[in-house]
Amino acid sequence: ALDARKLEFLNELLLIGVIREHQENKLALDLLPAACMFDDNRIPEWLNGMERKRAPLSQWLFVWLRPFSKNAFSSEKAYEICFDKFEVLLALAYGHRSGKSPESDYYWVPPGAFAYRHDNRAQILTEMEASLTQHGSESPYVKSKLFGVTTEDCLKSINGLKGFVPKLRWY
(Lines give C-alpha, C1' and ligand atoms only; values in the text may rest on other atoms or scores of the structure.)
Protein backbone atom coordinates (compact mmCIF):
# COMPACT_ATOMS: atom_id res chain seq x y z
CA ALA A 1 0.00 0.00 0.00
CA LEU A 2 2.85 2.41 0.80
CA ASP A 3 4.83 1.69 -2.30
CA ALA A 4 1.76 2.07 -4.52
CA ARG A 5 0.68 5.22 -2.64
CA LYS A 6 -2.60 3.65 -1.64
CA LEU A 7 -2.75 5.56 1.60
CA GLU A 8 -6.56 5.68 1.68
CA PHE A 9 -6.48 1.88 1.95
CA LEU A 10 -3.99 2.11 4.82
CA ASN A 11 -6.26 4.58 6.59
CA GLU A 12 -9.21 2.20 6.22
CA LEU A 13 -7.16 -0.65 7.66
CA LEU A 14 -6.06 1.42 10.63
CA LEU A 15 -9.64 2.40 11.45
CA ILE A 16 -10.90 -1.19 11.63
CA GLY A 17 -12.31 -2.01 15.04
CA VAL A 18 -10.57 -4.82 16.88
CA ILE A 19 -12.78 -6.86 19.19
CA ARG A 20 -10.82 -7.91 22.24
CA GLU A 21 -12.14 -10.57 24.56
CA HIS A 22 -12.50 -9.33 28.16
CA GLN A 23 -10.95 -5.99 27.20
CA GLU A 24 -12.06 -2.73 25.70
CA ASN A 25 -12.36 -2.86 21.91
CA LYS A 26 -9.91 -0.60 20.09
CA LEU A 27 -9.02 0.57 16.62
CA ALA A 28 -6.23 -1.25 14.83
CA LEU A 29 -4.35 2.07 14.90
CA ASP A 30 -4.29 1.93 18.70
CA LEU A 31 -2.80 -1.56 18.71
CA LEU A 32 -0.66 -1.85 15.60
CA PRO A 33 2.29 0.42 16.41
CA ALA A 34 4.92 -1.75 18.04
CA ALA A 35 5.15 0.60 21.02
CA CYS A 36 1.41 0.08 21.66
CA MET A 37 1.08 -3.68 21.26
CA PHE A 38 1.79 -4.70 24.83
CA ASP A 39 1.33 -3.14 28.23
CA ASP A 40 4.22 -5.11 29.68
CA ASN A 41 7.54 -3.26 29.91
CA ARG A 42 9.36 -6.61 29.95
CA ILE A 43 8.73 -7.24 26.23
CA PRO A 44 12.43 -6.85 25.32
CA GLU A 45 13.24 -9.79 27.59
CA TRP A 46 10.91 -11.98 25.53
CA LEU A 47 12.46 -11.06 22.19
CA ASN A 48 15.67 -12.98 21.73
CA GLY A 49 18.56 -10.63 21.00
CA MET A 50 16.55 -7.44 21.50
CA GLU A 51 17.16 -6.87 25.21
CA ARG A 52 19.28 -3.77 24.76
CA LYS A 53 17.63 -2.29 21.67
CA ARG A 54 15.98 1.13 21.68
CA ALA A 55 12.82 0.01 19.88
CA PRO A 56 12.95 -3.75 20.50
CA LEU A 57 9.58 -4.75 19.12
CA SER A 58 10.05 -2.54 16.04
CA GLN A 59 13.43 -4.07 15.39
CA TRP A 60 12.14 -7.57 15.96
CA LEU A 61 9.23 -6.98 13.53
CA PHE A 62 11.63 -5.48 10.99
CA VAL A 63 13.75 -8.65 11.05
CA TRP A 64 10.79 -11.04 11.27
CA LEU A 65 8.88 -9.49 8.33
CA ARG A 66 11.86 -9.28 5.99
CA PRO A 67 11.71 -12.86 4.58
CA PHE A 68 8.05 -12.35 3.64
CA SER A 69 8.86 -9.22 1.64
CA LYS A 70 12.16 -10.32 0.10
CA ASN A 71 10.90 -10.10 -3.48
CA ALA A 72 8.96 -6.85 -3.00
CA PHE A 73 12.01 -4.60 -2.52
CA SER A 74 15.04 -4.00 -4.69
CA SER A 75 17.41 -3.74 -1.72
CA GLU A 76 17.71 -3.92 2.06
CA LYS A 77 17.75 -0.11 2.16
CA ALA A 78 14.48 0.10 0.17
CA TYR A 79 12.87 -2.29 2.70
CA GLU A 80 14.24 -0.30 5.63
CA ILE A 81 12.90 2.98 4.22
CA CYS A 82 9.48 1.44 3.59
CA PHE A 83 9.35 -0.04 7.10
CA ASP A 84 10.35 3.29 8.64
CA LYS A 85 7.82 5.14 6.49
CA PHE A 86 5.11 2.78 7.71
CA GLU A 87 6.07 3.48 11.31
CA VAL A 88 6.20 7.23 10.65
CA LEU A 89 2.71 7.09 9.12
CA LEU A 90 1.45 5.07 12.09
CA ALA A 91 2.95 7.61 14.49
CA LEU A 92 1.48 10.58 12.58
CA ALA A 93 -1.95 8.92 12.36
CA TYR A 94 -1.86 8.03 16.06
CA GLY A 95 -0.91 11.58 16.98
CA HIS A 96 -3.62 13.05 14.77
CA ARG A 97 -6.34 10.79 16.19
CA SER A 98 -5.22 11.39 19.78
CA GLY A 99 -6.75 14.84 19.71
CA LYS A 100 -3.68 16.27 21.44
CA SER A 101 -2.15 19.31 19.82
CA PRO A 102 1.37 18.66 18.48
CA GLU A 103 2.45 21.75 20.45
CA SER A 104 1.08 20.30 23.69
CA ASP A 105 3.33 18.92 26.42
CA TYR A 106 1.04 15.87 26.41
CA TYR A 107 1.56 15.07 22.74
CA TRP A 108 2.87 11.53 22.33
CA VAL A 109 3.23 9.23 19.36
CA PRO A 110 4.46 5.65 19.33
CA PRO A 111 8.19 5.74 18.66
CA GLY A 112 9.74 3.27 16.29
CA ALA A 113 13.04 2.60 14.59
CA PHE A 114 12.54 5.80 12.56
CA ALA A 115 13.34 7.77 15.72
CA TYR A 116 16.99 6.72 15.72
CA ARG A 117 17.42 6.19 11.98
CA HIS A 118 17.91 9.92 11.50
CA ASP A 119 18.70 9.87 7.78
CA ASN A 120 15.68 7.71 6.95
CA ARG A 121 13.38 9.90 9.02
CA ALA A 122 14.72 13.06 7.40
CA GLN A 123 14.29 11.57 3.91
CA ILE A 124 10.74 10.40 4.63
CA LEU A 125 9.59 13.66 6.21
CA THR A 126 11.25 15.74 3.47
CA GLU A 127 9.41 13.71 0.82
CA MET A 128 6.12 14.13 2.67
CA GLU A 129 6.62 17.88 3.07
CA ALA A 130 7.53 18.23 -0.60
CA SER A 131 4.38 16.35 -1.62
CA LEU A 132 2.24 18.54 0.62
CA THR A 133 3.89 21.75 -0.58
CA GLN A 134 3.79 20.87 -4.27
CA HIS A 135 0.39 19.18 -4.46
CA GLY A 136 -1.53 20.76 -1.57
CA SER A 137 -4.97 19.19 -1.20
CA GLU A 138 -4.15 16.76 -4.03
CA SER A 139 -1.25 15.25 -2.07
CA PRO A 140 -1.87 11.58 -1.23
CA TYR A 141 -1.26 12.50 2.41
CA VAL A 142 -4.16 14.95 2.49
CA LYS A 143 -6.41 12.73 0.37
CA SER A 144 -5.85 9.77 2.70
CA LYS A 145 -6.78 11.79 5.81
CA LEU A 146 -4.27 9.68 7.73
CA PHE A 147 -2.82 12.54 9.73
CA GLY A 148 -4.80 15.59 8.69
CA VAL A 149 -7.61 16.71 6.44
CA THR A 150 -5.84 19.79 5.07
CA THR A 151 -2.31 20.54 3.93
CA GLU A 152 -1.85 22.70 7.03
CA ASP A 153 -3.06 19.90 9.34
CA CYS A 154 -0.61 17.45 7.77
CA LEU A 155 2.32 19.86 8.00
CA LYS A 156 1.41 20.58 11.62
CA SER A 157 1.42 16.84 12.37
CA ILE A 158 4.83 16.44 10.72
CA ASN A 159 6.21 19.33 12.76
CA GLY A 160 4.75 17.75 15.89
CA LEU A 161 6.61 14.52 15.14
CA LYS A 162 9.81 16.46 14.50
CA GLY A 163 9.41 18.13 17.89
CA PHE A 164 8.56 14.88 19.67
CA VAL A 165 11.49 12.72 18.56
CA PRO A 166 14.20 14.77 20.35
CA LYS A 167 12.24 14.33 23.61
CA LEU A 168 12.87 10.58 23.55
CA ARG A 169 15.56 9.65 26.05
CA TRP A 170 17.24 7.36 23.50
CA TYR A 171 17.07 9.80 20.59
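## Order of elements

Along the sequence, the chain of this predicted model runs α-β-β-α-α-α-α-α-α-α. That amounts to eight helices and two strands, taken as DSSP runs numbered from the N terminus (helices: H or I, at least four residues; strands: E, at least two).

Residues are numbered from 1 along each chain as its sequence is written. Local features need pLDDT of at least 70 and side-chain atom pairs pLDDT 80 or more, while totals for chains, interfaces and linings use all residues, and side-chain values use heavy atoms, without hydrogens and water.

## Burial and surface

The chain has 171 residues, and 46% of them are buried (under 20% relative accessible area, with a 1.4 Å probe and protein chains only).

In helix α1, residues 7-14, the buried residues are Leu7, Leu10, Asn11 and Leu14. They lie within an arc of 100° seen down the axis of α1, so they line one face of the helix; the arc is taken from the directions from the helix axis to the C-beta atoms.

## Packing of α5 and α6

Helix α5 (residues 76-98) packs against helix α6 (residues 118-135) at about 65°, with the axes 10 Å apart. Axes are lines fitted to C-alpha atoms over the stretch in contact, and angles run from 0 to 180 degrees between N-to-C directions.

Residues of α5 in contact with α6 include Ile81, Val88, Leu89 and Leu92; on α6, Ile124, Leu125 and Met128 are among those in contact (heavy atoms within 4.5 Å).

Definitions and conventions: Buried means under 20% relative accessible area, exposed over 50%, partly exposed in between (1.4 Å probe, protein chains only).
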